[in-house]
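Open the model in your viewer and keep the selection tool ready. Each stop below says what to select next and what is there.

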Amino acid sequence: MFTKDEEKAIKGAFWGTLTQKIQKYRSVSGRRVNWFKYRTGLNEIFVRVEVDQYGCKVCIDLQFKNDGIRELFYEQFLETKTVFENTMISPVKWHPNYEHGYGTVVSRVSVENDTTNLYRQEDWPEMHEFIITHLRRVDEYWDDFGELFKTLK
């Protein structure tokens, strides 16, 4: 086990090197992007990156307060499922009702790499490549379909 300070240092080093690597990439449309605060244009749709001892994930979370609206947006993702899965290339997990550790229920679409570990520094290059590749693929998908979701609002 690691102390809190050691864990903080490990996470800081991981995110720092990832940030250095990813900031050179622009969006599909050519604009600069804050990849870790990706703007979908909808306040209730978030692109998230999660890393821990079990691997890394790139997720799209639908966090609408109204369950009916959340379900509508999730169904829209399902309508574009084939395109989304082809864009991502990695297997996609579909969670209509995903509960975050802090109790919030969201709909989640994610890709995961479960063969890596944040606490093994030799895994970081693979994790970084996975995250960068899939964030860029989310951007590619959103560039094509983001307006479709915005019209639902």
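This is a predicted model. Begin with Trp 35 and Tyr 38, both of them buried.

**Stop 1: a ring pair across the chain**

Select Phe 14 and Trp 124. Their rings form an edge-to-face pair, with 5.5 Å between centres and 80° between planes. Phe 14 sits in helix H1, residues 4–22, and Trp 124 in helix H4, residues 124–152. The partners are 110 residues apart, so the pair links distant parts of the chain. Phe 14 is buried, because its relative accessible area is 0%. Trp 124 has 8% relative accessibility and therefore counts as buried too. Now return to Trp 35 and Tyr 38: their ring centres are 6.3 Å apart and their planes lie at 25°, so this pair is stacked.

**Stop 2: along H1**

Which residues of H1 are buried? Select Ile 10, Phe 14, Leu 18 and Ile 22. Look down the axis of H1: these buried residues fall within an arc of 90°, so they line one face of the helix. An α-helix has 3.6 residues a turn, so residues three or four places apart point the same way. Bring back E1 and H4, against which the buried residues of H1 pack. The face turned away from the buried side carries the exposed residues Asp 5, Lys 8 and Gln 20.

Stay in H1 for Lys 11. Is Lys 11 buried or partly exposed? Its relative accessibility is 33%, so Lys 11 counts as partly exposed. Beyond its neighbours within four places in sequence, Lys 11 is in contact with Leu 118 and Tyr 119.

**Stop 3: the core**

Next, the largest nonpolar core, which has 38 residues. Phe 77 and Ile 131 have the most contacts inside it. Helices H1, H2 (67–79), H3 (81–88) and H4 each supply at least two of its residues, as do strands E1 (45–52), E2 (55–62), E3 (92–99) and E4 (105–113). Which element gives the largest share of this core? H4 does, with 11 residues.

Centre on Phe 77. Leaving out residues up to four places away in sequence, Phe 77 touches Ile 60, Leu 62, Trp 94, Val 109, Tyr 141, Trp 142 and Phe 149. Now colour the aromatic rings. Ring pairs link Phe 77 into a cluster with Phe 64, Phe 73, Tyr 74, Phe 84, Trp 94, Tyr 141, Trp 142, Phe 145 and Phe 149.

**Stop 4: the loop between E3 and E4**

Select His 100 in the loop between E3 and E4. His 100 has 7% relative accessibility and so counts as buried. What does His 100 touch, apart from residues up to four places away in sequence? Show Arg 48, Glu 50, Asp 61, Gln 63, Val 106 and Arg 108.

Finish on Arg 108. It lies over the face of Tyr 98, at 4.2 Å from the ring centre.

Technical notes: Residues numbered from 1 in each chain as written. Predicted model: local features only at pLDDT ≥ 70, side-chain atom pairs only at ≥ 80, totals over all residues. Heavy atoms only, no water. Phe/Tyr/Trp six-rings, centres within 6.5 Å; stacked < 30°, edge-to-face > 60°. Helix = DSSP H or I, 4+ residues; strand = E, 2+ residues; numbered from the N terminus. Buried < 20%, exposed > 50% of the residue type's maximum accessible area, 1.4 Å probe, protein only. Lys NZ or Arg CZ within 6 Å of the ring centre and 35° of its normal. Core = buried A, V, L, I, M, F, W, Y, C linked by side-chain atoms within 4.5 Å. Contact = heavy atoms within 4.5 Å. Arc of directions from axis to C-beta.
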